[in-house]
Amino acid sequence: GGGASLQEHAPVPMHLFVLRARPTHWVVDGRIAGSASLIFAGLAKAAKKTLLALHLANCVGRGWPWLGRATAKREVIFLGFEGGDEFLAMRSLEIGYVAPREDEMSELLSVGVGMEKYEWTIAEMRRRVEVGEKWPVLVIVDTLSQVLALRGVDENDNVKVTKFLQEHDVLAQKTGAVWFWIHHFG
């Protein structure tokens with residue numbers, strides 16, 4: 001008596017299991033969920049991760065489809081740590097970025113270069129959490145290793161990196177934001 005039966009520990013049929021899922025609000029339909037943290041990783045300098053991420057930023061900021069999938073228009077902040085202003089401006093032109101027309105609503109895409117812009121974004125997210133305000137922003141950080149280094153976190157220390165990412169994930173869950181980290185394989 002008293003103990004749990006074997007049946008209580010049996011796997012649950014999939015059709016019942018999925019009923020437990022919380023509703024997903026997609027930023028990119030079926031691919032990027034709101035209130036999440038993602039790492040987009042690839043080989044350094046060869047995979048065109050920055051171009052793909054800038055294209056994502058442009059599409060989400062304007063509500064345009066991305067790679068054939070619908071997007072939910074939302075504010076986007078692209079935080080660059082490699083190459084500086086001119087590099088990001090040139091990459092933006094490479095993805096076909098064009099300024100909005102005067103008759104269009106202002107777009108929701110901002111670009112920041114350097115740690116000050118990252119720190120401002122974190123502070124703003126924390127402020128909004130304190131007052132219970134949502135901020136469904138897509139924050140793209142190019143690259144994770146640069147931020148870790150500037151924050152004094154050894155990217156090879158799994159425990160410290162996990163703690164760092166968990167702190168950002170909590171902010172995403174509480175504000176409705178998405179952290180999209182670009183990472184180069186070492």
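Predicted model: local features only at pLDDT ≥ 70, side-chain atom pairs only at ≥ 80, totals over all residues.
User: What volume does the largest pocket have?
Analyst: A pocket is an open set of points on a 1 Å grid over the protein atoms alone, where a 1.4 Å probe fits, with protein on both sides within 12 Å along at least five of seven lines. Its volume is the space filled by probe spheres set on the points. For the largest pocket this is about 220 Å³.

User: Which element gives the most to the lining of the largest pocket?
Analyst: Elements here are DSSP runs numbered from the N terminus, with helices (H or I) of at least four residues and strands (E) of at least two. H2 and H3 are the elements that give two or more residues to its lining. The most, three residues, come from H2.

User: How far apart are the C-alpha atoms of Lys45 and His184?
Analyst: Lys45 sits in the loop between strand E3 (36-43) and helix H2 (49-62). Along the chain, Lys45 and His184 are 139 residues apart. Their C-alpha atoms are separated by 8.2 Å.

User: Is Lys45 buried or exposed?
Analyst: Buried means under 20% relative accessible area, exposed over 50%, and partly exposed in between (1.4 Å probe, protein chains only). Lys45 has 72% relative accessibility. Lys45 therefore counts as exposed.

User: Which residue meets Arg91 in a salt bridge?
Analyst: A salt bridge puts a side-chain nitrogen of Lys or Arg within 4 Å of a carboxyl oxygen of Asp or Glu. In this pair the N to O distance is 2.6 Å. Both residues lie in helix H3 (residues 84-94), three residues apart, about one turn of the helix. The partner of Arg91 is Glu94.

User: What are the relative accessible areas of Arg91 and Glu94?
Analyst: Both residues count as partly exposed. Arg91 stands at 23%, and Glu94 at 47%.

User: How many residues apart in sequence are the parts that Arg151 and Glu119 tie together?
Analyst: The side chains of Arg151 and Glu119 meet in a salt bridge of 3.2 Å, N to O. Arg151 lies in the loop between helix H5 (144-150) and helix H6 (158-175), and Glu119 in helix H4 (residues 115-130), so the pair ties together parts separated in sequence by 32 residues.

User: Which residues are linked in a network of salt bridges?
Analyst: The whole structure has six salt bridges. Side chains of opposite charge can pair when their charged atoms come close. Here the network links Glu124, Arg127, Arg128 and Glu133.

User: Which residues lie closest to the centre of the second largest pocket?
Analyst: This pocket holds about 170 Å³ of space. It is lined by 12 residues, and the closest to its centre are Leu88, Ala89, Ser92, Leu109 and Val111.

User: Which element gives the largest share of the lining of the second largest pocket?
Analyst: The second largest pocket, of about 170 Å³, draws two or more lining residues from each of H2, H3 and strand E5 (109-113). By class, its lining divides into eight nonpolar, two polar and two charged residues. The largest share, four residues, comes from H3.

User: How far apart are the C-alpha atoms of Gly63 and Ile77?
Analyst: Gly63 lies in the loop between H2 and strand E4 (76-80). Gly63 is partly exposed, at 30% relative accessible area. Gly63 and Ile77 are 14 residues apart along the chain, and their C-alpha atoms are separated by 14 Å.

Conventions
Residues numbered from 1 in each chain as written. Heavy atoms only, no water. 1 Å grid on protein atoms, 1.4 Å probe; cavity = no way out; pocket = protein on both sides within 12 Å on 5 of 7 lines; lining within 4 Å. Nonpolar A, V, L, I, M, F, W, Y, C, P; charged D, E, K, R; others polar.
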